[in-house]
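Please walk me through this protein fold. I would like an account in plain paragraphs.

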Amino acid sequence: MSEMVREYPMARTCPFDPPAEQTENGPVSKVRIETGATAWLVTGYQEQREALVDPRLSSDFRREGYPSRITTQARTRSFISMDNPEHQRQRRMLIKYFTVKRIESMRPAIQKVVDNLLDEMLDGSGSADLVSQFALPLPSLVICDLLGVPYADHDFFQRCSSVQLTMSAPMADREAARDALNGYLLSLVESAVDNPGDDLIGDLVVNQVRPGHLTAGEVADMCSLLLIAGHETTANMIALGTLALLRHPDQLAELRESDDRALMASAVEELLRYLTIVHQGLRRVAVEDIEIGGAQVAAGDGVIISADAGNRAPDAFDGDPDELDIHRSARHHVAFGFGIHQCLGQALARLELDIAYSTLFRRVPTLAVDASLDEIDFKDDMFVYGVRALPVTWNTEADR
């Protein structure tokens, strides 16, 4: 294994590919992170899956040695930063809202949201920003309805989310945005104590806060995670996935002309693998001495699991993993993580992407990007990758 310690995160050389430099020192190597500390970078697919189910690796950022991106720790945490049994206890409180059966029952409602957004977009001049007019409002409307958050406040919570997810933002600004969003959600939770709605916040108040299982503040922390993850990730996947498909016109034409829902489902999985928008690594700290891919990881060592690199591993996927192939069997990707912390909302994300892509390309067959790749502003400085805007055009006579 090379003794060279590289800086992490590393820069992309292509907007659709993870940094090739990540894997140059093998599936497990030492890197120097944002704070100046060192950590183990895991890029091998099999090594990642083994690490993500190993209870000797902790998600708790309060532990000594956790490879934090910042030198100060957040004052609040949700179940994503907890280990079992605490993690499992809180996650179980939410599972019923995210089962495959329940999410599938939302299909007609999500389809209506998509249709309404496209009606508004297509009623314009034949050009639009796909992010602000379609990709961002779709998951925001859906998660607001699920949680019980007024969509009328979307400008506020989208701004707070964006600041928190911007790595280059001053820490004071990120903490202020976090506190503002948590305060806002706490007020919704406290209002629901006296008048619970038929939504996730109301359910948590009735079944968890009133009996004393959770505090109102813990529910607010939980809902902050769900709100941010529930709209930021899917919004970025809709826009970036659209851009990727438009750059592969033969595959897009096949999708548009096919009535096979399995093909669209396959395309969604492949886009999730190919793009892997959570691109800053899944971070853990060893609580015991362990071995990962032949590397001796000591208790207290930080570990970063680079899902974007794992999802391009040649030994894990058929064909050339650096190419987009909507026919590839890719559902075993790690874009949603793996193990106990695997994304709770993955069924919802899959459904939203399925409906968004299929409806968009069916209704707007002449859709085209109205900018060169160099003119598109990619979110290299954010924890969730994507594009800040995607200018598109279409033939107003042909599409509606």
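Which residue lies over the face of Tyr97? Arg102 does, at 4.2 Å from the ring centre. A charge is taken to sit over a ring if NZ of Lys or CZ of Arg is within 6 Å of the ring centre and within 35 degrees of the ring normal. Lys30 is placed in this way over the face of Trp40, at 4.7 Å from the ring centre.

This is a predicted model, in which local features need pLDDT of at least 70 and side-chain atom pairs count only at pLDDT 80 or more, while totals for chains, interfaces and linings use all residues. Residues are numbered from 1 along each chain as its sequence is written, and side-chain values use heavy atoms, with hydrogens and water left out.

The sheet comes next. Helices (H or I, at least four residues) and strands (E, at least two) are DSSP runs, numbered from the N terminus. Six strands make up an open sheet with mixed pairing, in the order 1-2-3-9-6-4. Two strands pair if DSSP finds at least two bridges between them. Strand 1 and strand 4 (57–58) are the edge strands, and each pairs on one side only. Between strand 1 and strand 2 the pairing is parallel, over two bridges, and Glu7 stands opposite Arg32 in strand 2. Helix 1 (residues 45–52) packs on this sheet, touching strand 2, strand 3 (38–42), strand 4, strand 6 (282–286) and strand 9 (302–305). Contact here means heavy atoms within 4.5 Å. The direction of helix 1 makes about 125 degrees with that of strand 9; axes are lines fitted to C-alpha atoms, for helices over the stretch in contact, and angles run from 0 to 180 degrees between N-to-C directions.

Strand 9 has partners in strand 3 and strand 6. Strand 3 and strand 9 run parallel and are joined by four bridges, with Gly302 in strand 9 as the bridge partner of Ala39. Strand 6 pairs with strand 9 in the antiparallel sense, also over four bridges, and Arg284 stands opposite Val303 in strand 9. Both faces of strand 9 are covered, with Gly302 and Ile304 buried on one side and Val303 and Ile305 buried on the other. Buried means under 20% relative accessible area, exposed over 50%, and partly exposed in between (1.4 Å probe, protein chains only).

Among the helices, helix 10 (216–246) has 31 residues and reaches 45 Å from its first C-alpha to its last, close to the 45 Å expected at 1.5 Å a residue. The expected span is 1.5 Å times one less than the number of residues. Helix 10 is mostly covered, as 27 of its 31 residues are buried. Helix 12 (residues 261–275) has 15 residues and reaches 21 Å, close to the 21 Å expected. Twelve of the 15 residues of helix 12 are buried, so the rest of the structure largely encloses this helix. The buried residues include Leu263, Glu269, Glu270 and Arg273. Those buried residues pack against helix 10, helix 11 (249–257) and helix 14 (346–363).

The loop between helix 12 and strand 6 holds Thr276. Thr276 is not a glycine, yet has a positive phi of about 35 degrees. Its relative accessibility is 3%, so Thr276 counts as buried. Most residues other than glycine have a negative phi, and most peptide bonds are trans. Two cis bonds can be pointed out. One joins Tyr8 and Pro9, with omega about 5 degrees, and Pro9 is found in the loop between strand 1 and strand 2. Another runs from Asn84 to Pro85, with omega near 10 degrees; Pro85 lies in the loop between strand 4 and helix 2 (86–92).

Aromatic rings are the last topic. A search of the whole structure finds four aromatic pairs. Rings of Phe, Tyr and Trp (its six-membered ring) pair if their centres lie within 6.5 Å; planes under 30 degrees apart count as stacked, over 60 as edge-to-face and the rest as tilted. Phe16 and Phe378 form an edge-to-face pair, 6.3 Å centre to centre with 80 degrees between the planes. This pair links distant parts of the chain, 362 residues apart, and both Phe16 and Phe378 are buried. Ring pairs link Phe16, Phe378 and Tyr385 into a cluster.
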